[in-house]
Amino acid sequence: KVQVQRKPKLQPYDAFLKKFEHKKALDAALQSRHPVVVVSLLEELVQRDCLVSAIGGRDDVSLQPLLSFLVKYVSHPKYSAVL
């Protein structure tokens with residue numbers, strides 16, 4: 001019997017990153033509500049030089065989750081270096 005190895009299912013933000021859909025990846029990371037995920041994604045976007053395109057062109061409603069996250073975690077020592 002042949003065993004087939006399955007690929008691990010990607011998280012939504014990873015799938016969007018793989019497709020170069022940076023805005024959707026950032027939104028999906030923010031919806032996960034895990035600060036480690038959001039900070040890691042922000043670091044990845046900086047490394048890819050895509051942070052401006054991921055944040056740009058948003059209105060006040062779509063910026064609200066990101067700003068709320070930044071306000072909540074900017075003083076946290078674990079994340080302050082990145083934020």
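Ala, Val, Leu, Ile, Met, Phe, Trp, Tyr, Cys and Pro count as nonpolar, Asp, Glu, Lys and Arg count as charged, and the others, Gly among them, count as polar.

The structure on screen is a predicted model, in which local features need pLDDT of at least 70 and side-chain atom pairs count only at pLDDT 80 or more, while totals for chains, interfaces and linings use all residues. Residues are numbered from 1 along each chain as its sequence is written, and side-chain values use heavy atoms, with hydrogens and water left out.

**Stop 1: the largest pocket**

Select Asp-27, Leu-30, Gln-31, Arg-33, His-34, Pro-35, Val-38, Pro-65, Ser-68, Phe-69, Lys-72 and Tyr-73, which line the largest pocket. On a 1 Å grid over the protein atoms alone, a pocket is an open set of points with protein on both sides within 12 Å along at least five of seven lines, and a lining residue has an atom within 4 Å of a point. About 290 Å³ of space lies in this pocket, where the volume is the space filled by probe spheres set on the points, and the points are joined across faces, edges and corners.

Colour the selection by residue class, and the lining divides into six nonpolar, three polar and three charged residues. Helix 2, helix 3 and helix 5 are the elements that give two or more residues to the lining, and the largest share, five residues, comes from helix 5. Helices here are DSSP runs (H or I, at least four residues), numbered from the N terminus.

**Stop 2: the nonpolar core**

Next select Leu-26, Ala-29, Leu-30, Val-38, Leu-41, Leu-45 and Phe-69, the residues with the most contacts inside the largest nonpolar core, which has 19 residues. Such a core is a set of buried Ala, Val, Leu, Ile, Met, Phe, Trp, Tyr and Cys residues joined through side-chain atoms within 4.5 Å. Buried means under 20% relative accessible area, exposed means over 50%, and partly exposed lies in between, with a 1.4 Å probe and protein chains only. Helix 1, helix 2, helix 3 and helix 5 each supply at least two residues of this core, and the largest share, six residues, comes from helix 3. In soluble globular proteins, nonpolar side chains tend to be buried together.

**Stop 3**

The structure holds two aromatic pairs, where rings of Phe, Tyr and Trp (its six-membered ring) pair if their centres lie within 6.5 Å, and planes under 30 degrees apart count as stacked, over 60 as edge-to-face and the rest as tilted.

The ring centres of Phe-69 and Tyr-73 are 4.8 Å apart and the planes meet at 40°, so this pair is tilted. Both residues lie in helix 5 (residues 60–73), four residues apart, about one turn of the helix, and both are buried. How are the rings of Tyr-73 and Tyr-79 arranged? Their centres are 5.7 Å apart and their planes stand at 90°, so the pair is edge-to-face; Tyr-79 is buried, as is Tyr-73.

**Stop 4: the salt bridges**

A search of the whole structure finds three salt bridges, each being a side-chain nitrogen of Lys or Arg within 4 Å of a carboxyl oxygen of Asp or Glu. Select Arg-58 and Asp-27, whose closest N and O atoms are 2.8 Å apart. This pair links distant parts of the chain, with Arg-58 in the loop between helix 4 and helix 5 and Asp-27 in helix 2, 31 residues apart. Arg-58 counts as buried at 16% relative accessibility, whereas Asp-27 counts as partly exposed at 29%.

Move on to Glu-21 and Lys-24, which meet at 3.7 Å, N to O; Glu-21 is partly exposed at 28%, and Lys-24 is partly exposed at 45%. Then select Arg-48 and Glu-44, whose side chains meet at 2.9 Å.

**Stop 5: two loop residues**

Finish with Phe-20, in the loop between helix 1 (12–18) and helix 2 (22–32). Its phi is near 65°, a positive value in a residue other than glycine, and Phe-20 is exposed, with a relative accessible area of 61%. Asp-49, in the loop between helix 3 (35–47) and helix 4 (51–55), has a positive phi of about 60° although it is not a glycine. Is Asp-49 buried or exposed? With a relative accessible area of 71%, Asp-49 is exposed.

Notes
On a 1 Å grid over the protein atoms alone, a cavity is a set of points where a 1.4 Å probe fits but cannot get out, and a pocket is an open set with protein on both sides within 12 Å along at least five of seven lines; lining residues have an atom within 4 Å of a point.
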